[in-house]
Amino acid sequence: MDTPLSTIAVVGLGTMGAGIAEVLARAGRDVIGIDISETAALGAVASLEASTARAVSRGRITEQERTAALARFRTSDSLSAAANADLVIEVVPETYEIKQQVFRELDAVVSPTAILATGTNALSVTRLAAESQRPERVLGLHFFNPAPAMKLVEVVSSVLTAPPAVEAVTALARELGKEPVAVGDRPGFVADGLLFGYLNQAAAMYEANYASREDIDAAMKLGCGLPMGPLALLDLIGIDTARTVLEAMYAESHDRLHAPAPVLGQLSSAGLTGRKAGRGFYTYDAPGGQDVVPDALTPAADAEAGAVRAVASVGVAGSGTMASGIAEVFAKAGYGVVLAARSQEKADLAKGRIAKSLERSVAKGRLSAEARDETLARITAAGSLDAFAEVDLAVEAVAEDLEVKQQLFAALDKVCRPGAVLATTTSSLPVVAIARATTRPEDVVGMHFFNPAPAMKLVEVVRTVLTADDVHATVRAVCAKIRKHPVDCGDRAGFIVNALLFPYLNNAIKMVEQHYASLDDIDAAMKLGGGYPMGPFELLDVVGLDVSLAIEKVLHQEFRDPGLAPAPLLEHLVAAGCLGRKTGRGFREYARR
C-alpha cells in the first residue's frame, strides 16, 4: 500500500470529528467533512475558522496559511463525497448499528485502495471490520479530545487488518505531530481501558456517600497531579458515553471494576449526561457550558466549622522523610514543633534535613533567610516522646506497620496531656485499630499527608466511628492554617487517593502481563491521552513496588474484590528484590547513585 493519504474524509462532525478535521486541514490534507446535520457541518467550519484565527493572532501561522487551511476543508451531507478519499475516519455515535451502516455504505462508495478507520473507543474493531467487504483495510484510529491539543493517537489493529494499512496511518499520525501507539482490539484499548475503570470506581465511591464529589475531585487533582477530578471528567466525557464504554469493557473482562456503577445508569436515564446536558455530577451554567454553578449539593462557603480545640504546639513523631517534611510544614506556619525520634541523634539528623530543605528554598528565592532562621528556631529536636507532654497536637509519621503504630499510640496516650489531639499519618492501615491502642480513641484522627509534605497541598482527614466532632473540626482548621486542602474520608482502606490510584496501577501491570501493550506505550498513553504527570510504571517505580504491593494487598483484603488482587508480576518483582528506583531496578532499570 503506497497510499499517500492526501485526501481524507471525516464522517461525523461532532466535537471529535470537527477536531480531527481541523488537525488534518492544518497539516496540509484535503479534508471532506461529512454529516447529515447541516448545523454540525456549519459548526465544524466555524470551529476551524475560529481556531485558525486564534493561531494567526498568536503568531503560530500566517494569514496565508490560514486561508489555505480553510480552502482545504469542505463539507457534504452525503457519504458519496468520500469517493476519492484515500482514508475515511468515522466518528459517528458509539453504537454498532450506526457504525456498521456507515461501513456498509462506504463499501459501495470508496475506492478498493482506501483505508477505513473507526474512531471508536469502546466497540470491537474486528466486529466492525467484518461488516466491510475489505476487512484488511479496516482499523481503529482513536484520537483524544480535544483532538488539536492531545498528542496521543491509538492505532488499533484487528486480526484482519493488513500491516501496510497500519503502517500508513501510523506514518500519518506522526506527520500530524501526534504520538501513535499500536494496540490490539479490545474495549477501551490502553488509555481508556485504564482510565474508565478508575472513573467507574470514583463514581461508585461517590454513590456510596463515602466522600463528596468536591472532595473526590480535589483529592485526585491535588494528590496525584491530575488536570481534572474523575467526576468532573465524567461530566466532560459524557456520562452516557462512559457507561457505554464500561458496558463494552465489562462484556469482555467480566471484571466487577468495569461493571458500570448504578449511578451512571441513573443519571443517563434521567438525561443528566454531564456538561452537554448542563447537569451531571455537577450543575453547569448552560447545556454545553463549562462553568460549574452552585446546586443543592454544593457545600456552603460559610459552613460552621463547629467547636475546635486550641492548637499552638505540635509534636511530630518520626525521623524519616515524611516526619521531617511534616515538621517543616507546621514550623513554617508558625507552630512550635517538637520533632521526636528514637534517639537524640536521629532527631538531630531529621532537623538537619529540614535545615537543608529550607536552605534550598532560600537559594531558589522562595523563602527569606530570616524566615528560614525563624522556622528552624521553632523546631525542637528530642530523643524521647516525653517531650510531647505539653503539645496540643501529636502527629505520628513512623513505619507503616500496625503493631509499631499501636505501640507508639499507647505511649502517646501516657505522655500527652488530656485533650491533646492524636493524629496518625497512615496511608492504608485502619485508624480505629490505632485509636483503640489508647484509652481515648475519641481524640484520635487520621491526617494523611502526601510526599513531599512541604509541596503537596492535600491532606486526607480520616475520622473513625469514635472520633469526636471537635477533633475532626480541629484538624480541618489546622489544615487551613498550614495551607493544606483537607478532604474528609471514612476509615476504610486506601481512603480516597490510594483506593482509586492503586487499582489503576494494578490494571496497568495486568496489561503488560497479558502482552497487550509495552511499558513505554502504556506510560505514553496515560501521559499523552490522560494528562497524567507520570505513566503508571514510572509512578510504581518511584513509589516502590513493595509499598505498592502492600497497599494492593490491603485493598484486596478489605473489599474482597477479585479484580483488586495484586497482579502476579508485581508480586514476582517484589520477591526478586526489584523494588523500583530505590534498588536500581523495578519495572525499569536505573543507574545506581
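# Close-up views of a predicted model

**View 1. Helix α7 meets helix α8.** Here helix α7 (residues 191-207) packs against helix α8 (residues 213-224) at an angle of about 145°, and their axes are 9 Å apart. Keep in mind that this is a predicted model, where local features need pLDDT of at least 70, side-chain atom pairs count only at pLDDT 80 or more, and totals for chains, interfaces and linings use all residues. Residues are numbered from 1 along each chain as its sequence is written, and side-chain values use heavy atoms, with hydrogens and water left out. Helices (H or I, at least four residues) and strands (E, at least two) are DSSP runs, numbered from the N terminus. Axes are lines fitted to C-alpha atoms (for helices, over the stretch in contact), and angles run from 0 to 180 degrees between N-to-C directions. α7 passes α8 in a right-handed crossing. A crossing is right-handed if the near helix is turned clockwise from the far one by less than a right angle, and left-handed if anticlockwise. On the α7 side, look for Y198, A202, M205 and Y206; on the α8 side, R213, I216 and M220 make the contact, where contact means heavy atoms within 4.5 Å. Sort these residues by class and you get six nonpolar, no polar and one charged. For the classes, Ala, Val, Leu, Ile, Met, Phe, Trp, Tyr, Cys and Pro count as nonpolar, Asp, Glu, Lys and Arg as charged, and the others, Gly among them, as polar.

**View 2. Helix α7 also meets helix α9.** α7 and helix α9 (residues 230-237) pack at an angle of about 115°, with 9 Å between their axes. That makes α7 roughly perpendicular to α9, a label for angles of 65 to 115 degrees (under 35 is roughly parallel, over 145 roughly antiparallel, and the rest oblique). This crossing of α7 past α9 is left-handed. From α7 come L195, F196, Y198, L199, A202, A203 and Y206, and they meet P230, L231, L233, L234 and I237 of α9. The class tally for the contact of α7 with α9 is twelve nonpolar, no polar and no charged residues.

**View 3. An open sheet that contains β6.** Eight strands line up as β3-β2-β1-β4-β5-β6-β7-β8 in an open sheet with mixed pairing; two strands pair if DSSP finds at least two bridges between them. β3 (73-76) and β8 (179-184) stand at the edges with a single partner strand each, so one side of each has no neighbour in the sheet. On average, neighbouring strands are turned by 25° against each other, direction ignored.

**View 4. Strand β6 and its two partners.** Strand β5 (residues 115-118) pairs with β6 in the parallel sense over three bridges; L116 is bridged to V138, and A117 to L139. β6 and strand β7 (residues 152-157) go antiparallel over four bridges, with G140 opposite V156 in β7.

View 5. The order here is β13-β12-β11-β14-β15-β16-β17-β18, eight strands with mixed pairing. Its edge strands are β13 (379-382) and β18 (485-490), and each pairs on one side only. The twist from one strand to the next averages 25°. β11 (residues 313-317) and β12 (residues 336-340) pair in the parallel sense over five bridges, and A317 has A340 in β12 as its bridge partner. Helix α13 (residues 344-363) lies across β12 and β13, at about 150° to β13.

View 6. Most residues other than glycine have a negative phi, and most peptide bonds are trans. The bond from N145 to P146 is cis, with omega near 0°, and P146 sits in the loop between β6 and β7. The bond from N451 to P452 is cis too; P452 lies in the loop between β16 and β17. F189 has a positive phi, near 55°, in the loop between β8 and α7, and at 0% relative accessibility F189 counts as buried. H515 has a positive phi of about 60°, but at 74% relative accessibility H515 counts as exposed.

Methods
Buried < 20%, exposed > 50% of the residue type's maximum accessible area, 1.4 Å probe, protein only.
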